[in-house]
Amino acid sequence: MKTKAEASAPGKVILLGEHFVVHGEPAIVLAIDRRVTVTVKVRSDSRVFIKSEDLGISGFFKNDQFFPQRGDGEAKRRLEPIYAVAKEIIQKCGSNNGVNIEVKSSLPIAAGLGSSAAVSVASAAALCSLFDFKESKDNIFQIAFNAEKIIHGNPSGVDPAISTYGGILQYRKSKPIRRLHVNIDLPLVIGNTKKERSTGTLVAKVNNLRRRYPQIIGKIIRAGGEIVERSVRALREGDLETLGELMNINHELLSAIGVSCMELEKLVHAARNAGALGAKLTGAGGGGCMIALVSPEKIKDVADAIEMAGGEVLITRKTDACLLYTSPSPRDLSTSRMPSSA
Ligand code: PMV
């Protein structure tokens, strides 16, 4: 057993298909080069100490009881999923030692960029490395997915999947994940409304609407899936104009199911007016972030327009970002859930 290990996992943007993916439709998701890094150390006692400097919270877990050290009532809720990851791996390894877990992140939280999943994935990977436990990437995905269920209730799994496998994926619940090989650049301007929101609450809101209007919402959900299928073709053909148009339609469908908000609408319309090929909310909505697909010569105009409309700008493009071990990996990780590419 090592005394210290570290791993880092990327955040993400959902290009198309959020919410509809919870109801069995596909989504397209991209890893971005903003990461979460988790450092873990073995303790001599059996406690699990977790600290997030960025959030200003920390505390101990002992026999499932939480003892806050820094931060308010939020600390337990935010740290519990990390504890669940640690508990599962410590139990699997049969270790009597606890751990210190330190999280550092360059991702905004509760903004739709996948920070909670990246924390779970990086924690699982760092802990497996610490205990020399030979877990596959598929198992790391599963452990992180279980932790996401504690936070979000009924998530699709798209966030832990992209944080684990990286790149660009077509994700569909309970189906093999397809890696999309995209030969064109995908310049994206991300606009953050800086309005925090809860994914679980927004997913529940859509569930509720679907229960009340099954025929209508069912059709919108299926249309969301068709947009993704059509977008895969546009991506393969390098047709960014069609992709932008499909992103606009996708946004209007998300608006129709009640997950947009005034702050997002302002940024989306500012981006479109400044010449974006397409713009939509990304992630759960209700605040958080939007994305604009932009031709390279328009990046500055669109970024300025988003800023003028009150958004915080982040520019990203297609990356190969994926889960990384910054200390030696327990072994070359296999990925059996990913047999197909397109
Ligand atoms: O938590 P967020 O904002 O990254 O949203 C995740 C995407 C949803 O489709 C809204 C939820 C899910 O589990 O797929």
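Predicted model: local features only at pLDDT ≥ 70, side-chain atom pairs only at ≥ 80, totals over all residues.
The cut-off for a disulfide is 2.5 Å between cysteine sulfur atoms. Two cysteines illustrate the result. The cysteine sulfur closest to that of Cys-128 belongs to Cys-93. The separation is 6.6 Å, so Cys-128 is too far from Cys-93 for a bond. For Cys-261, the closest cysteine sulfur is in Cys-289. Here the distance is 11 Å, again too far for a bond.

Cys-128 has a relative accessible area of 0% and is buried. Cys-261 has a relative accessibility of 13%. Cys-261 therefore also counts as buried, because the limit for that class is under 20%.

The packing of two helices was examined next. Helix 6 spans residues 214–237, and helix 7 spans residues 240–256. Their axes come within 10 Å. The crossing angle is roughly 165°. Angles over 145 degrees count as roughly antiparallel, so helix 6 and helix 7 are assigned to that class. The crossing of helix 6 past helix 7 is left-handed.

Residues on both helices form the contact. Helix 6 contributes Ile-220, Ala-223, Gly-224, Ile-227, Arg-230, Ser-231, Ala-234 and Leu-235. Helix 7 contributes Thr-242, Leu-243, Leu-246, Ile-249, Asn-250, Leu-253 and Ala-256. By class, the residues of this contact comprise ten nonpolar, four polar and one charged.

Methods
Residues numbered from 1 in each chain as written. Heavy atoms only, no water. Buried < 20%, exposed > 50% of the residue type's maximum accessible area, 1.4 Å probe, protein only. Axes fitted to C-alpha atoms, helices over the stretch in contact; angles between N-to-C directions. Helix = DSSP H or I, 4+ residues; strand = E, 2+ residues; numbered from the N terminus. Parallel < 35°, antiparallel > 145°, perpendicular 65-115°, else oblique. Left-handed = near helix turned anticlockwise from the far one by under 90°. Contact = heavy atoms within 4.5 Å. Nonpolar A, V, L, I, M, F, W, Y, C, P; charged D, E, K, R; others polar.
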